[in-house]
Structures are given as C-alpha cells and as structure tokens.
Amino acid sequence: MKQYETNHYIFNFNEGSLAEKNILVISNEEERCYEYIFSVLKKEPKQKINYILHEDAKEIGKLYCEICEMEYQEGYTINGFTSGNNIHAIYNEQTKCMGFHEDAHLISMSDGRWSESTAILEGLAMYFDRMWWNIHNLHWTRFFIKFGKFIPVDRLICDNDYFYSLGSEITYPIMGAFTEWLMSTYGTEKYISFFNEEDAEAAATKVYQKSIGELNSLFMNHVLLFNNDDEVEYRMNKLLTEENL
C-alpha cells in the first residue's frame, strides 16, 4: 500500500484507488477532526494514527471478525472500526467512512481510561458526529420518544448485551444526544471524568451525584422541550423503513 503522512496520521491506501486520488481532501478533513476532538477532550495518542483506507466492505468485514475473534459470516460488511492505534475505514464511490467517529474512539481511549459501557463509548463518538443520516441526534431522540421507540439511557448504558441487541439507528442517536446534553448541562470536564471511570453507575453518582436513571429522566425532560416539523418526521420514517427492508 502507498502512504501519505500528516501531522497526526499515516494514511495507507491502494495505488490507483479513489482514496489516492482524494488523499489531500481526506487528510485535511481528518486533521480538522483531530484538532477539534483534542480541543474538547485534551487527550491525544503518543504516536501518529495509522489510517488504513479500504476499497472493499467485505474485506474490512472479514478483517474485523478476525481481530475481534468472531466467526465470519459470508457477506458480512462494516464501514469502519478502530483497533489499537489503527483506524480501518471504507473509502469508495458508494461509501466514504470519514469524519469524527472512529477518530473520536481512538483519541478518547488513547490514555488507557474509558468506560466499560459500549453505550457511553458510542455516545461520545456520536456527540462529535452530531448527526445520524444527516439528521441531528436530538431530533431523532425526540422522534423516538413521540412514537414510542425511545430506549431509556440507563438500560443502554448498564447492559452491553442489550445495547448490542438493538439497532444502531436507534441507540447511536439517543446516546449522542444524551452525551451532548450531559456536556452542555454539566460541563466537558465532568463528562471526561465520567467517561474515564469503568463503572458507569458508580461514576454517575460520583461525578453528577445522580443515578443513571435520574439523569435519563432529566434528559427526557430536556428533549421534550423540542419538536420536529412534519417534513423531518417524514424523512425519518422513510429512512427507518428503507433500513429495515
């Protein structure tokens, strides 16, 4: 593979690939993401991030299963994942897995401190993404509450198996909106202390003097202050229907 090096990344890509053609655009975008993540979290890796750009979603799916010691199912695909100091991401005409998400995972865990709750890890990445399918996390969460699809944050945070059993199209936006609410309400410094603790329930009591359930109730009260217009809800219904076909 060919390489292109920047201040914080080493990008790896196939010769003649779309990634090679667009490497300056890709590298500039990721550097901007890095700088913003660092400005918020005040964490950064001790070495440059190794960013591997793949063309085939099946290839990266197989690699993910190997690294995670999962049984590979034929046809399984994934757009991107983080492993150690490496980010693997799809970049082709159909899918461009770029931006904050995987970088936020790697940078937030670069000092060896993070929650054991998958929901919290994904919530922080989604905080930086801000959107799911180009609709803000808060709007999705309000939609889920209105139509009875909302999953209480305490259930998501305290049960990794339950979190994994649900669709990311619901869990990710909810956790992204919750993380944004926590940061804007109580401050980034407190949130980082919360994120750095392994036990989320104990961390909530320690940092916020509230249980996860109490935080969930306050968060829902906040979300209910907002409403979506009919056009946004139509788009949401259409996107969810297409995803589940």
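Tutor: Two strands pair if DSSP finds at least two bridges between them. Strands (E, at least two residues) and helices (H or I, at least four) are DSSP runs, numbered from the N terminus. The model is predicted: local features need pLDDT of at least 70, side-chain atom pairs count only at pLDDT 80 or more, and totals for chains, interfaces and linings use all residues. Residues are numbered from 1 along each chain as its sequence is written, and side-chain values use heavy atoms, with hydrogens and water left out.

Student: Which residue of S2 stands opposite Tyr-4?

Tutor: Strand S1 covers residues 2–5 and strand S2 residues 9–13, and four bridges join them in antiparallel fashion. A hairpin of three residues leads from S1 to S2. Opposite Tyr-4 stands Phe-11.

Student: In what order do the five strands of the open sheet lie?

Tutor: S1 and S4 (80–83) are at the edges, each with a single partner strand, so one side of each has no neighbour in the sheet. Neighbouring strands are turned by 20° against each other on average, direction ignored (axes are lines fitted to C-alpha atoms, and angles between N-to-C directions run from 0 to 180 degrees). The pairing is mixed, and the order is S1-S2-S3-S5-S4.

Student: Do S3 and S5 run parallel or antiparallel?

Tutor: Strand S3 spans residues 49–54 and strand S5 residues 86–90, with five bridges between them. In this pair His-54 stands opposite Ile-90. The two strands run parallel.

Student: Which residue takes a positive phi in the hairpin of S4 and S5?

Tutor: S4 and S5 run antiparallel and are joined by four bridges. Thr-82 of this pair stands opposite Ile-87 in S5. The hairpin has two residues between the strands, and the phi near 60° belongs to Gly-84.

Student: How far apart are the closest N and O atoms in the salt bridge of Glu-20 with Lys-2?

Tutor: A salt bridge is a side-chain nitrogen of Lys or Arg within 4 Å of a carboxyl oxygen of Asp or Glu. By this rule the count is seven. Glu-20 lies in helix H1 (residues 18–21) and Lys-2 in strand S1, so the pair ties together parts 18 residues apart in sequence. The closest N and O atoms of this pair are separated by 2.6 Å.

Student: Where is Glu-198 found?

Tutor: Helix H10 covers 188–196 and helix H11 covers 200–208. Glu-198 is in the loop between H10 and H11.
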